[in-house]
Structure formats: C-alpha cells, structure tokens
Amino acid sequence: MNVFLMYRAKDFDMKQPLPSNQYELIQDLELDTLLNVMARDDKYLFDTARQVLLSSLQDVDEIRYRQDVLKDCLNFPSVIREIYNIPIESITSKHRHWLGIFTRYPSGILSGAIEMLDMFVELLKKLKRIADENIAQFESEGFKRFFAMIQRELTDEYFLEVETHLKRLRFKRGTLISVELGMGNEGTNYLLRKPNHEDLNWFQRAFTKTSPVYSFTLHPRDDHGARALGELRDKGIRLVANALGQSADHIDNFLNTLRQELAFYIGCLNLQEELEKYGEPVCIPDVFPANERKHSFVGLYDISLALTMKRKVIGNVINADEKDLVVITGANQGGKSTFLRSIGVAQLMTQCGMFAPAKSFSANIARGVFTHYKREEDSTMQSGKFDEELSRMSEIVDTITPDSLILFNESFAATNEREGSGIASQIVRALLEKRIKVFYVTHLYQLARGFYEKNEGAAIFLRAERQRSFKLVEGEPLQTSFGADLYEKIFR
Amino acid sequence: MTFHSILSEKNIQKETAEQPVFFTDLNLDQVINEIAGRRKDYNLSPFFYTPLRDAETIDYRHEVMRDMENKTLAAHINAFSEKMILVRRYLAMPEKLTFIYHKKGWFLEAALIYCEAVAELSRNLESVDLKSRGFLSLREYATHYTQSRKFTALQAEAQKVKADLSAVRYCVILVDGGFKVKRYEDEAEYSAEVEKTFEKFKQGAVHDYLVNVNQGTGMNHIEAKILEFVALLYPEPFAALDKFCNGHENFLDETIRAFDREIQFYAAYLEHVAAIKHDGLAFCYPQVSDSKNVYARETFDIALAFNLRYEKIPIVTNDFELRDSERIIVVTGPNQGGKTTFARTFGQAHYLASLGCPVPGKEARLFLFDEIFTHFEKSEDIHNLRGKLEDDLARIYDIFGRATTRSMLIFNEVFSSTTIQDAIFLSEEIMQRALDLDLPCVWVTFIDELASFSEKTVSMVSTVQPDNPAMRTFKIIRKPADGLAYALSIAEKRRLTYAQIKERIQS
C-alpha cells in the first residue's frame, strides 16, 4: 500500500540531497519566515516544508500532480486535517501506552506487535471510513487513487481476517509446534502450526484421537522447567513473531509515510489560512517547460514581507515572457530587493507544487535557482570584499546549468563602477549565452546602460519609482539612484 | 609400502615434552609457541622440540612438505582436519551429557562425520598429484581402509539410522504449566499465513525481529522428557540407534587418528611461513648433511620477521658461509647493528633444518648437528661481577664437557662483564677449545682481536651507512674487523678527526 500523494509513483524522500546553495537560498530569500508560518511551531512540519521547498521538481507533469492534490486540500481542509490526525494519534497512543517492541525475545516481540496492531486496526478503520465518505467529492488523481486503494485493500473481510489472526496469536488454548530431530536428537526446525480442527476444541480433540498423546505437568515450583517451556515456545513462535513484528513496523511505516506526505499540504493549508487573514491572494501557477521563457504575473508580492509585516503588501505586474534578462534599477528602498526576493520565492514555491503569492503567476521551470547577493564585509579579513564576491560567483559557476535562474542583488559593486560593470557585464553575458535567466538588481549604471543599449528584445528593464510606491515600472536605467533624496530626507 | 607415519618412514621418533634449553636464546620459543599455539588441541610442540638425527627422515619430511605446498592438497587436508575436530568434539560430548538418547544422538553424529571425513580424504587424495613417499603410502592406506568391510558397514548403518531419525516429526503442544507430545498430523504451517495477511503493507526495509534462538548443544529436563515421549511415539528408529551404538563402540581408526594430528606439523609450519613471506622474503629446502661447509643466502631471523610482518620496515637479509677449513664466524661491529640477530639466524636455520622444515633464505646447505649449545649474555645482569663471571665460566665448562665434534656453538658477547684483558684472555682460551673440537660456531664479540685469531675464523662485521654512520644497515658482511674505521667515520661526522681538530682550533 502506497500513499503517493507527493509523486504519482514514489514516496517523498526526506533524505534527498538538497542543492549545494541551500543555505544561500534560505538566507537571501528569507525562507525561514515562510517556513515558520507553514510549520506553526511544529518541527516536523518545518523540516518537511523545508525539504520540499528546496527540492524543486523538474517536470511540468509532476508539478501539476501536486497542484491538483493541493487544490483538493484547499477545498477540503478539515478532511485533510482529519486524515493527518490518524498518524498523529498513532504516535500519541504509542507514547501514552508504551506500545512498541522493546525486547529480543520472540514472546515479547509477539505480544508487543499484537498490541500495536490492535491499535493500528482501529486507526485503519477510521481511515477507511474517511475514504468511503469522501472519495466522491475529491477530484485529484492523487487522492482518488489513495482513497480507492484504501477501499480496495481495507475491506471488512480483511479487518476480520486480521482480527482473527490477532486473537489466535494470543494462544489461549496453547501453542502447537511441530518439531524434527536434529543433530544429537536435539529438537530442530520448530514451526508454529495451525490446529487441524479449530472449530472444535482441538485441545480436547487431541485426547479423543486414536493416536497416542503423552502429557507432562510441571511441578509448580519447577522454575527451571517453566523457563525451559518458555524457551521452547520462543523457538516455535520466532518466525511468526518476526512476521508480526515486521508487519506492525510496516503499518507503522505506512502511517509515517501518510504523515510525511500530508505534512507538506498541511503546511500549505497553514500558510494559506495565514495569508487569508491579511487578504493576500494565492494562485495555482501556470508552469512551462524549462526550455521556454515565461515569466508573467499579476500582483506578485513578497510573501516574507507580508508575513513579517502581517498585512497586505504591494504587488507587481510584469510580463517578462520571452525575456532572459531582467535588469532592475532605481530608487533606494524602492522595492527592488523585495521584488527580487518575490521572484525567487515564487519560483521555488511553483516548482514544489505550491500555490504562488500572486493573483496570477506563470513561469517556466528553472533547472536551478541561484542567488548572488551583496554580503556584509568578510569579518575574517582573509579576502577583500570583491574577491569574496568573485569566489562565491565561482562556486555558483561550478554548479549552475543551462535553463537555471540566477538572482543578482547589487553584485560586484564592491569596486569602482567601471571595473565592477566590466566584470559583471562579462559574467552576465556568459550566463545569458549559456541560456541562464538573469534577474539583476544594480546601481551600476554603466552595466545597466550597456545592456539597455544592446538590447535586442530579450531583456526587460524595470525601475523603482522615485515616489516610492514600491511598484516597479518598465523604463530605461537612469543615472542616479536617488540617494540624494534619502540623504536629504534623513539629514534635513 | 605400508603407511607408518606422515612424520617418518620407519622409526617413530620419541616425542620430547621439554623445550630445548637454547630455545629462548634463539627466540625459537616465540616461533614454536606461535606455530603450535594456533593449533593447541593437537599438542604440536613436542614435534617441534624433537630434532631429527638422520638426513633420510629430513628428506622424507621435505617431500611431504613440498606436497603440502600444493594449495589444493592443503585445502583437502584442512577440510579433513575440520571434520575430525568435530568428530572429537562430538565424541567428547556424551561424557558431559545426561540423557541417554541425547548421548547416543551425538555418538551417531560423530560416526557420521568421521565416515564423511575419511571417505572424502581418500577420494581427494586420488585426485591430487602426489610425489612424497608419505602421502603416496597414506593414499594407499586410505583406499584400503575405506573399502574395508569394517568401514563400509559403519558408514551404511550410521546413515540409515540417521535417515530414520530425521524423518521423525512430532508436535508439542505448550500450555500453561505443562505440555503434550503427539505425532505430527499434517497441521498447516501458520507463520507464512500470518505474513501473507500483512503483505500489502510491506514496503521498504524494516527491523529484523528474527531471533536466533540459541541452538547450542544441550538438553534440559523438559527437552529430555519430550525426547522420551518421542521415543515412545516412534520406537523403531530409536531401537536402531541403540543397536548402532552397541555395535560400533570404538570406530575411530588409530592410524587415521595419528595422521590427523601429525599432518598438522606441516600445515602449521607452512601457515607460519605464509604469514611471513612478504617483501620478497624467501624460504628454501636446505641440503642437510654432515659437511661443516655450510652456507645460506639471504636468510633472516624468522622470529623478527614474524613480529614485523605488519610493519613497513623491510627485513634485512644476510648471507653466511663457512668455506673449507673455516669453522668460526666472529661477528664484530657497532651495537644495535644486528649482530645478535645474525647469531640467532644462524642457529634458527640449523634447528629448523633439523626438523625437516624449509628455512629462511634463498638457498642453504646446513649441518646436521647432534646438539646446539648457546651462551647469550644478558647485559642487565652485570651487577654481580664476580659471581656472574664464575657462573659464565661454569656454564661454558659444562658445554665443553658435552659438546662433540658434531655439535654447534653460538656465543653472544661472553665475558663482556669483565676487564678487556680478562675477556681477551678467556675468549682466546675458549676459542682454542672450540677450534680443537672442529665444530661450527658463531661468536659475537666486541673484541676485534678474535676476528683474526686463526685461519679457521671468519670475520664478519655489522655495517653502517657510509654517509651517515649513525644509521645501521643491519647487513653483516664478510670483512676484517675494523672497529677503528667505524670510530673514524663517527669522528669525521662530528668533525673531530686529527685534521679537522687542527683546522678548527685556530692558533
């Protein structure tokens, strides 16, 4: 039985290696703000959301599969939370009743497994009920398959079969074991057997049979003998104890997987509910293959900013379809960094199957998302700031591939404008020729101007407005960044 | 050709229980303890404490040893030995056990595996190309024995009894405070059914709860009681077992039993050789004769080589030779230069050769001695000067009381605890006695004069690296004793030669 709510035909892998620049992404895009809201102080939800968000999907179809499941979740949040509660209940019961297998003896393994399975049966019955009630109204392929599987596998007859086993394995009427003579006439090949005539009282039946039966009763104080009987029983039930112990573990794993695969959607629900409070919209993005150039949106906002400010923030409307270079210039504190961050976050959210923070959003798949942000001065003084920037750039170049997305924020400005522009321009040109989509926020006028003049249509130039509307508009790069304005504002 | 023993063709040598006195001086105690220690159960040490006195038996052993170097044969022998270990273990068990059918059960197992071991050995010997007199006659013996009525009857009956017992299947019903035993009546196996029910949840690896219930030998009174009931349920196979045990009380063949132990002498030695053979270290089959013109090429200290087998330090090999009338190798040179090791190497090679074993080295001709006498000085014993010197002399006197012209002497730094004049005087006296006996001898000394004492002495010197006299090479080479040259090179290094001092001291 497979959950398969994250992928069509495989489990989500919490151990899948994350991109080597995961820490840069988390820092530069302020992902922790987003993840904390998804997690609501639940570390498990946090870790899952983090893993999912950073493990970008590369296939349109895979993304749509998750988007469909997510739509069902957004439509029936209480059902989803009820299902999610089933594995949680299992964990709570295990803790409260000390359920589990804590021994190396078959009899202990067996009784531990029986207790666990008793509890699991109840939980699986609950899951079955939810599936029966909801299969009709869910629309996604993922949930339809999941519910259908539950209905198919967990029938009433099946539950009866399991309960019969669990009852029989308590051996109320004794344990029947077949034995052969091994080396030195010592018993070997101990196998648990099912009595031949269970409907009758076989224990009595054994007496009535014509074949002889020899019986032995222990002296009440024969502790050694009682222990020996116990060991004999352990030899007989070791296979079934293993089978049952492993079955309990498998069901436990099934419930864990269910928890794992739903945790991401629970995180999405948590996030959506929070955004709804501030009146921020979300949308299911339109996704395009990696070789296309799509980037257009209405009302794209910086989700981290909204969650931090706890209010609605300004969104942007841009159509950058068929563009591979977006250069953002303009006023300080004019919303350039915010915009750049919203691009990065929306890309990651889109590629993990989440909704996007916008009224509408469409983008092509990026093979990788990279950020190159200006950093604080290197405290170790081992390398100059410009050198440090180049060294980080070199690391990116080690791993970046065509059809990736890279976000530059004030990069290569730690030298004079001419040198900085020159180097940055060489870097960007090379990246573009490698079919890498570049978003570049810069004060480097020569750099922006250079691309503007050479633009043959594949670049778009945005400007933060002097009026500080925090909205970006299309427009040619301007020579000043309005620093004087700020200076004026603060010093006068 | 009748098979006598794999260790000698005719006369079985009396085993020596005591370790020879020179063992510790030559570090042979370490070597033999290591070799014999790995196969303690066979009590191999006496074989290694008993040197041979005739070249013919040494040849006999060389042949067997060469056959044993054949990996296939060695593997066959090993398989046989492992089975014989089980035979002995199973045979010893009834003494420790209480319940009659349990005892008899293990007796049967012993017989079964014994038959298997011998039959397999005989079969395997047929398929191997054997050259030694020892193995060829063993093969003949094994063939006859396995075809004998005694053996075939034993094997057939054991197998039949075992098959009938193995076919017994019974059921135990465990209830609180007791159990019942009955025949097995086709009750269905249950574990698999349970497993099948839960199969649909199977995914990925989970913990293995399959407990390995200890299947050690032993039977408690509950199991014994069950076995008693089983014997009542199925009387025929147990009656057959009774009959088997009564009819084959001493089934083990004495010659096979002796072979099983004696062949370990070869296997253990070769195993030890294999552990040492690295970095191009070689072993060879020496010519062993009455000739005192002995030599060995690229030989080494077998104890040292074993101790350093995991180290990166290469083992230094050395040559020795006594030509024509030469009898005494006098070893001089810097301390820690390998002189003692060289003396041991000489003694070890001769002793190992006398066992019929291959010896360290590429090529060797060695002397068949009647006795080895050693005298090794222990430097930490100098505290009682007079007492010690007296004691030394007493021991040497005793040696010369027993040594013959066919003995060997190995002296290491004798008289180092007296004045140099005394030492020279005493040494020359003793050396003259050794020369009079005309026996081969190695004499490690700090007294250079001894190196040229007679035309029968050979001078060998431990050497240092020419450019760095502080570095020993551990090479002992044939050349005149040159203590002065050595001192000179050290002085040069310290810039303290006559010329250097003249130059350094400005006038």
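Visitor: Where in chain A is A:Lys310 found?
Guide: A:Lys310 is in the loop between helix H11 (303-309) and strand S6 (316-319) of chain A. Please keep in mind that this is a predicted model.

Visitor: Why is B:Asp438 called partly exposed?
Guide: Residues between the two limits, 12 or fewer for exposed and 20 or more for buried, are called partly exposed. B:Asp438 has 13 other C-beta atoms within 10 Å, and therefore it is partly exposed. You will find B:Asp438 in the loop between helix H15 (420-437) and strand S13 (441-444) of chain B. B:Asp438 is not a glycine, yet it has a positive phi of about 60°.

Visitor: How do you know whether B:Ile77 is buried or exposed?
Guide: Buried takes 20 or more other C-beta atoms within 10 Å. B:Ile77 has 24 C-beta neighbours inside 10 Å, so B:Ile77 counts as buried. B:Ile77 lies in helix H4 of chain B. Leaving aside residues up to four places away in sequence, B:Ile77 touches B:Ile263 and B:Ala267. The C-alpha atoms of B:Ile77 and B:Glu120 are separated by 9.9 Å, although these residues are 43 apart along the chain.

Visitor: Why are H4(B) and H5(B) called roughly antiparallel?
Guide: Helix H4 (residues 71-96) and helix H5 (residues 100-127) of chain B pack at an angle of about 165°. Angles over 145 degrees count as roughly antiparallel, and H4(B) and H5(B) are therefore roughly antiparallel to each other. Their axes are 8 Å apart, and H4(B) passes H5(B) in a left-handed crossing.

Visitor: Which residues make that contact between H4(B) and H5(B)?
Guide: From H4(B) the contact includes B:His76, B:Phe80, B:Val87 and B:Tyr90. From H5(B) it includes B:Trp106, B:Phe107, B:Ile113 and B:Glu120. By class, the contact of H4(B) with H5(B) has 16 nonpolar, two polar and five charged residues.

Visitor: How do you know that S12(A) is mostly covered?
Guide: Strand S12 (residues 459-464) of chain A has six of its six residues buried. Both faces take part: A:Ala459, A:Phe461 and A:Arg463 are buried on one side, and A:Ile460, A:Leu462 and A:Ala464 are buried on the other.

Visitor: What makes S7(A) and S12(A) a pair?
Guide: Two strands pair if at least two bridges are found between them. Six bridges join strand S7 (residues 325-330) of chain A to S12(A), and these strands run parallel. A:Val326 stands opposite A:Ile460 of S12(A). S12(A) also pairs with strand S13 (residues 472-474) of chain A, over three bridges and in the antiparallel sense. There, A:Arg463 stands opposite A:Val473.

Visitor: Why are S5 and S7 of chain B called edge strands?
Guide: Four strands of chain B form an open sheet in the order S5-S10-S6-S7, with mixed pairing. Strand S5 (287-289) and strand S7 (318-321) each pair on one side only, and these are the edge strands. Neighbouring strands of this sheet are turned by 20° against each other on average, direction ignored. Helix H13 (residues 339-354) of chain B packs on the sheet, touching S5, S6, S7 and S10, and its direction makes about 80° with that of S10(B).

Visitor: What joins S1(A) to S1(B)?
Guide: Six bridges join strand S1 (residues 175-181) of chain A to S1(B), and the two strands run antiparallel. A:Leu176 stands opposite B:Ile173 in S1(B).

Visitor: How many residues does the contact take from each chain?
Guide: The contact takes 55 residues from chain B and 61 residues from chain A. H9(B) gives the largest share of the side of chain B that touches chain A, eight residues. By class, that side of chain B has 29 nonpolar, 13 polar and 13 charged residues.

Note on methods:
Residues are numbered from 1 along each chain as its sequence is written. Chains are lettered from A and ligands numbered from 1 in the order in which they are written. This is a predicted model: local features need pLDDT of at least 70, side-chain atom pairs count only at pLDDT 80 or more; totals for chains, interfaces and linings use all residues. Axes are lines fitted to C-alpha atoms, for helices over the stretch in contact, and angles run from 0 to 180 degrees between N-to-C directions. Angles under 35 degrees count as roughly parallel, over 145 as roughly antiparallel, 65 to 115 as roughly perpendicular and the rest as oblique. A crossing is left-handed if the near helix is turned anticlockwise from the far one by less than a right angle, and right-handed if clockwise. Two residues are in contact if their C-beta atoms, placed from the backbone, lie within 7 Å. Ala, Val, Leu, Ile, Met, Phe, Trp, Tyr, Cys and Pro count as nonpolar, Asp, Glu, Lys and Arg as charged, and the others, Gly among them, as polar.
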